[in-house]
Amino acid sequence: MSEITEAPHGDLLVMLRHAPHGGLWLREALDLALVGAAFGQSVSLLLMGDGVWALLQGQGPGPLGQKGSQSTFEMLEMYDIERLYVDVDSLEARGLTRDDLLLPVIGVSTPELSTVLAGHRQIFNF
Amino acid sequence: MLLHLLNRAPSSSSVHQDVLRAMREEDGLMLIEDGVFGAVSAQVQHFPGLEGRLFALREDLESRGLAGRCDARVIIVDMDGFVALTEDAQRTVSWF
Amino acid sequence: MRYALLVLGGPYSHQAAHSALRFAHAAIARGHRVETVFFYHDGVYNASHLAAPPQDEPHLVDAWCDLQRTQGTALQVCVAAALRRGLLDAREAERHGKSGASLEPPFELTGLGQLLDIGQTHERLITFAP
């Protein structure tokens, strides 16, 4: 059954497809989402591929103090990011369930992915 | 209609699977840079069901020696044709 | 149409900058205006005026500057992404106590909000990634 209760819509969709720590994609993508929210835009995030690792509980900073993404995700509510979508196939392919995640998410099935993309005026895919 | 850009070969990355799952029936897929390795006949099966809306950039095929190896199911466009595709699509999404 | 390009790949390391430049010239040839190029992630390295490629390779920094000079294209660089990678204009260099600037006009440091503005003010935004 679909978890999407209203038609996806918004100003800005930021797609997160990279895992934290191995690169800066996730951090710099989240920065863009936070700026969008701070500017009053209606912002959605879609985690897909290795991006779903970003929500795994139990992450920490790297040994040189690299920030990772957990702290940023914990701030999302404060920044008024309106929707946090997660590609269910990507979760399952990595052996993850909702219980492993830091935050409640809206699960998106494969047929719904294109609906999420179509519902946003701007898409940035990181 | 969205135009999706893909610059990874299906032999080196699984991102093409995510692109395909996110595409609608009216969307187009443009292979550029290393994405054009997916246009050769032995690889094009990674892009099923895209007849008429799977494109590859001519200059990236030619620079890689693939001009004669591009599968007939792939529509070859030059840079001018690439721009024309972005005129028709309201938005583009780049996958890497 | 009013086009903008987003470049996420560093010069030479990846084809992204080459592709973006080729696309810009093809768009202009078709009668479009390429009004803005925004550099983010490792794309900010395209703005290094210290780049000194061998003479038999294309000079990408010069090519961007030519685009600005001939077409009036704005060359905008995300300041947060640039500073952490060592791309500083004269003002930032002074502010951070550095001996010299690595970024000069026509490249300009700007905030990420500008990238979101571009999405609203331009009809097309095409991303070139590494």
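The sulfur of Cys78(C) sits 19 Å from the closest cysteine sulfur, the one in Cys65(C), and that is too far for a bond. A disulfide, after all, is a pair of cysteine sulfur atoms within 2.5 Å. Cys65(C) is in no disulfide, and over all chains the structure holds zero of them.

Before going on, a word on what you're looking at. This is a predicted model, in which local features need pLDDT of at least 70 and side-chain atom pairs count only at pLDDT 80 or more, while totals for chains, interfaces and linings use all residues. Residues are numbered from 1 along each chain as its sequence is written, chains are lettered from A and ligands numbered from 1 in the order in which they are written, and side-chain values use heavy atoms, with hydrogens and water left out.

Now for the charged residues. Side chains of opposite charge can pair when their charged atoms come close. The rule for a salt bridge is a side-chain nitrogen of Lys or Arg within 4 Å of a carboxyl oxygen of Asp or Glu. How many does a search of the whole structure find? Over all chains, there are 21 salt bridges.

Start in chain A, where Glu3(A) and Arg98(A) meet in a salt bridge (2.5 Å, N to O). Glu3(A) lies in the segment before strand E1 (10–16) and Arg98(A) in the loop between helix H3 (88–93) and strand E4 (106–108), so this pair ties together parts of chain A that are 95 residues apart in sequence. Helices (H or I, at least four residues) and strands (E, at least two) are DSSP runs, numbered from the N terminus. Glu3(A) is partly exposed at 34% relative accessibility, and Arg98(A) is partly exposed at 35%.

Next, hop between chains. Asp87(A) forms a salt bridge with Arg21(B), and their closest N and O atoms are 2.5 Å apart. Asp87(A) belongs to strand E3 (residues 83–87) of chain A and Arg21(B) to helix H1 (residues 15–22) of chain B, so the pair joins two chains. Asp87(A) is buried, with a relative accessible area of 0%, and Arg21(B) also counts as buried, at 17%.

Chain C has a pair inside a helix. Arg69(C) and Asp66(C) meet in a salt bridge (2.2 Å, N to O). Both lie in helix H2 (residues 60–71) of chain C, three residues apart, about one turn of the helix. An α-helix has 3.6 residues a turn, so residues three or four places apart point the same way. Arg69(C) is exposed, at 59% relative accessible area, whereas Asp66(C) is partly exposed, at 32%. Elsewhere, Glu28(A), Asp42(C), Arg84(C) and Arg85(C) are linked in a network of salt bridges.

So what goes on where chain C meets chain B? The contact (heavy atoms within 4.5 Å) takes 20 residues from chain C and 20 residues from chain B. Together the two chains bury about 1,600 Å², 50% of it on carbon and sulfur atoms. Buried area is the accessible area (1.4 Å probe) that two parts lose on being put together, summed over both. Of the area that chain C buries against chain B, 32% is supplied by Gln15(C), Arg30(C) and Arg124(C), more than any other three residues.

Three salt bridges cross this interface. Glu59(B) forms a salt bridge with Arg22(C), with the closest N and O atoms 2.3 Å apart. On the side of chain C that touches chain B, helix H1 (16–29) and strand E5 (124–128) of chain C each supply at least two residues. The largest share, six residues, comes from H1(C).

Last stop: chain B itself. Helix H3 (residues 79–88) of chain B is mostly covered, with eight of its ten residues buried. Among them are Phe82(B), Val83(B) and Leu85(B). Asp71(B), found in the loop between helix H2 (58–63) and strand E4 (75–77) of chain B, counts as buried too, at 9% relative accessibility. Leaving aside residues up to four places away in sequence, Asp71(B) touches Ala39(B), Val40(B), Ser41(B) and Val44(B).

Technical notes: Buried < 20%, exposed > 50% of the residue type's maximum accessible area, 1.4 Å probe, protein only.
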